[in-house]
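Please work through each task before reading its solution.

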Amino acid sequence: MRDIPKSHPRYKSLLLRERVVEGVERGVVALQGLIAHGRGEAFYYLLGERSHPFAIRATEVALALMLTAKHPVISVNGNTAVLAPELLIRLAVEMDIPLEVNLFYDRERRERKVWNYLMQVSKSLNLEPRILIASESPAFIPELESWRRLVHSEGIYKADVVLVPLEDGDRTEALVKMGKKVIAIDLNPLSRTARAATVTIVDELSQVIKNMLSILPSLRNLPESSLYEKIRSYSNAQTLREAISAIRENLELEASKLGLT
Ligand code: ATP
Ligand code: MG
């Protein structure tokens, strides 16, 4: 990996970018993944590159959904795999939730590579998460054209709660139509994914998984009725409104610092 001085003002952002580039070189990330990442960087920049209260609240509700689910699953694509492999594996093991390698672009060429990569990281952590590959036991999401329909029969197909970091809008809508609760991680509060999901966490993926791991112990101590109450009182439309306000306020603040208002 290219050396990035820790003192660089955009250190974390550059580190994540390098991870995605390295993922392309490994054959784990699709070229389209670079563009998706760039769009994410832009929105993260507009949000001031921090976890806002609305994102922390959505993260808590996401965990409440995952803790109370019968069959929760975490969908993993190439970008997700390289941005937060250790954190995802820790979360999957801590919560006893399977990971499903489920790719959008260039599936046949990459899926085994993504699986191998996750297995390699798991080994280095001495952890054994359950890692499914969608095409090994195929089932199909209704209403989508063939190349995007494929899911694992024991994974996303059967799941009642699906965490889909960086998902596409059509698939999110189709999963919701199937009656599933969908948790999206998406820095763009205007995307179709963000609008269609049950819970949208408008924050950077690796930071979200980190936040999940630190919030999890306190939620685990709560009675189930409090978890259901958190879910019941949550409004995703409110989250998206607050995210859009945060972008607006941050832009005004930055502009005024530069004397541009
Ligand atoms: P949609 O189909 O939902 O309207 P889209 O076409 O806007 O999606 P996609 O190409 O499906 O966008 O996926 C890229 C999305 O992922 C963008 O909204 C981007 O903000 C988000 N994204 C990229 N990297 C990250 C990241 N590290 N953390 C969170 N979100 C990210
Ligand atoms: Mg999207």
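**Exercise 1.** Identify which of the 18 residues around ligand 1 come nearest.

*Solution.* The nearest are R39, G169, D186, T193 and L205, where a residue is near if one of its heavy atoms lies within 4 Å of the molecule. This is a predicted model, in which local features need pLDDT of at least 70, side-chain atom pairs count only at pLDDT 80 or more, and totals for chains, interfaces and linings use all residues. Residues are numbered from 1 along each chain as written, chains are lettered from A and ligands numbered from 1 in written order, and side-chain values use heavy atoms, without hydrogens and water.

**Exercise 2.** State which polar side-chain atom lies 2.4 Å from an oxygen atom of ligand 1, and which elements give two or more residues to the shell.

*Solution.* The side-chain atom belongs to T193. Helix 2 (31–46) and helix 9 each give two or more residues to the shell; helices are DSSP runs of H or I with at least four residues, and strands are E runs of at least two, numbered from the N terminus. The largest share, four residues, comes from helix 2.

**Exercise 3.** Determine which residues coordinate the magnesium ion (ligand 2), and whether E167 is buried or exposed.

*Solution.* The ion is coordinated by E167 (O) and T193 (OG1), at 2.7 Å. E167 lies in the loop between strand 6 (161–165) and helix 8 (169–177), whereas T193 lies in helix 9 (residues 192–196), 26 residues apart. E167 counts as buried because its relative accessibility is 13%, the limit for buried being under 20% and for exposed over 50%, with partly exposed in between (1.4 Å probe, protein chains only). T193 is likewise buried, at 4%.

Conventions
Donors are N, O and S atoms within 2.8 Å of the metal (3.2 Å for Na, K and Ca); water is not among the atoms, so sites may look incomplete. A polar contact is a pair of N or O atoms within 3.5 Å; within protein, one must be able to donate a hydrogen and the other to accept it, and residues adjacent in sequence count only if both atoms are side-chain atoms.
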